[in-house]
Amino acid sequence: MSRTLRRKNQQHDYDWVLIDWRSRIPGVQYPRHDSRSALGQKAIARYHSDSTITIGSTAPRSYRKAFDHRLRTRNDRQMRKWLEDPEFDPVFDAYHRHDASYSWW
């Protein structure tokens, strides 16, 4: 299904998209771009592009690699303990594809 078809009848709230985050002053109301200005149109276009980072996006690759390595190492350690001592009851951490992303957010 194309992105255009998915977004066909959606309505968007651009309040946080149009905030000028660079000229923000603590304690003062956030300055906003006009939605019809060049900067406002650019902010809206960036919001609708797929290049923005949202809560639905994944964690950075370096974090995912480190997270997966810790999980594999922990499971290997449990296996080695069980091989040395058959009375040991290993508890393995199940791997899930999105575990690193869940812990990142």
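Reader: What is the mean pLDDT of the chain, and which element has the highest mean pLDDT?
Author: In this predicted model, 83% of the residues reach a pLDDT of 70 or more, and the mean for the chain is 79. Among the elements, helix α1 (residues 3–6) has the lowest mean, 64. Where pLDDT is low, the predicted coordinates should not be read in detail. The highest mean, 90, belongs to α3.

Reader: How many helices and how many strands does the chain have, and in what order do the elements run?
Author: The secondary structure comes to four helices and zero strands.

Reader: What percentage of the residues in the chain is buried?
Author: A residue is buried when its relative accessible area is under 20%. The chain has 105 residues, and the buried ones make up 14% of them.

Reader: What share of the accessible area do carbon and sulfur atoms supply?
Author: The chain exposes about 9,200 Å². Of this area, carbon and sulfur atoms supply 53%.

Reader: Which residues form the nonpolar patch on the surface, and what is their accessible area together?
Author: The patch consists of M79, W82, L83 and F92. One of them, M79, is in helix α3 (residues 61–84). Together M79, W82, L83 and F92 have about 400 Å².

Reader: Is N75 buried or exposed, and what does N75 touch beyond four places in sequence?
Author: N75 is found in helix α3. Its relative accessibility is 16%, so N75 counts as buried. Leaving out residues up to four places away in sequence, N75 touches F92 and D93.

Reader: Where does F88 lie, and how far is F88 from Q78 in space?
Author: F88 lies in the loop between α3 and α4 (99–104). F88 is partly exposed, with a relative accessible area of 26%. Not counting residues up to four places away in sequence, F88 touches Q78, K81 and W82. F88 and Q78 are 10 residues apart in sequence, and their C-alpha atoms are 9.0 Å apart.

Reader: Which residue forms a salt bridge with R74, and how far apart are the closest N and O atoms?
Author: The count of salt bridges comes to two. In one of them R74 pairs with D93, and the closest N and O atoms are 2.6 Å apart. This pair links distant parts of the chain, R74 in helix α3 and D93 in the loop between α3 and α4, 19 residues apart. The partner of R74 is D93, at 2.6 Å.

Reader: Which residue forms a salt bridge with R36, and how far apart are the closest N and O atoms?
Author: R36 counts as exposed, at 68% relative accessibility. D34 is partly exposed, with a relative accessible area of 40%. A salt bridge needs the nitrogen within 4 Å of a carboxyl oxygen. R36 pairs with D34, and their closest N and O atoms are 3.9 Å apart.

Notes: Residues are numbered from 1 along each chain as its sequence is written. This is a predicted model: local features need pLDDT of at least 70, side-chain atom pairs count only at pLDDT 80 or more; totals for chains, interfaces and linings use all residues. Side-chain values use heavy atoms; hydrogens and water are left out. Helices (H or I, at least four residues) and strands (E, at least two) are DSSP runs, numbered from the N terminus. Buried means under 20% relative accessible area, exposed over 50%, partly exposed in between (1.4 Å probe, protein chains only). Accessible areas come from the Shrake-Rupley method with a 1.4 Å probe; for residues, only the protein chains shown count as cover. Patches are made of residues with over 30% relative accessible area and no salt bridge: like charges are joined within 9 Å, nonpolar side chains (Val, Leu, Ile, Met, Phe, Trp, Tyr) within 5 Å. A salt bridge is a side-chain nitrogen of Lys or Arg within 4 Å of a carboxyl oxygen of Asp or Glu. pLDDT is the predictor's confidence in each residue, from 0 to 100. Contact means heavy atoms within 4.5 Å.
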